[in-house]
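Q: Could you take me through the aromatic rings in this structure and how they pair up? I'd like a close look at just that part.

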Amino acid sequence: MEKKTTIELFVPVYNEEYMIPYFVEFYSKRFKSLKINFFDNGSTDRTVSILHSLSSFNNIHVHSGFSLEEMREDLLLDFKNSCWKTSQADWVGIVDVDEFVDLDD
């Protein structure tokens, strides 16, 4: 039997309640062995509640923010350079919630 390729995404979010359903649907349809880690950075809309409702149906994990609700480029860069280091997946992606990446054989 052939081993499934695993894919893990790391996604920083802030007030993304409208984009999250599209994002999850897009990636869930394309990659069968997928884990998505959302890192909320202090959203004030329904982002966190939507993520929690989706996490019960998908391999979605919700984490608290990475920069104590500050949007600083140095903290975002540090997050992007380190969030994936403990992943055991075959492929890792660090994407924004409005980035839709697709791969074909």
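A: A search of the whole structure turns up eight aromatic pairs. Here, rings of Phe, Tyr and Trp (its six-membered ring) pair if their centres lie within 6.5 Å; planes under 30 degrees apart count as stacked, over 60 as edge-to-face and the rest as tilted. One of them is Phe 23 with Phe 100, a tilted pair at 6.3 Å centre to centre and 55 degrees between the planes. This pair ties together distant parts of the chain, 77 residues apart: Phe 23 sits in helix H1 (residues 20–30), and Phe 100 in the segment after strand S4 (91–94). Helices (H or I, at least four residues) and strands (E, at least two) are DSSP runs, numbered from the N terminus.

Before going on, keep in mind that this is a predicted model: local features need pLDDT of at least 70, side-chain atom pairs count only at pLDDT 80 or more, and totals for chains, interfaces and linings use all residues. Residues are numbered from 1 along each chain as its sequence is written, and side-chain values use heavy atoms, leaving out hydrogens and water.

Back to our pair: Phe 23 is buried, at 0% relative accessible area, while Phe 100 is partly exposed at 35%. (Buried means under 20% relative accessible area, exposed over 50%, partly exposed in between, with a 1.4 Å probe and protein chains only.) Then there's Tyr 27 with Phe 31, a stacked pair: 6.2 Å centre to centre, 20 degrees between the planes. Tyr 27 is buried at 2%, and Phe 31 is buried too, at 14%.
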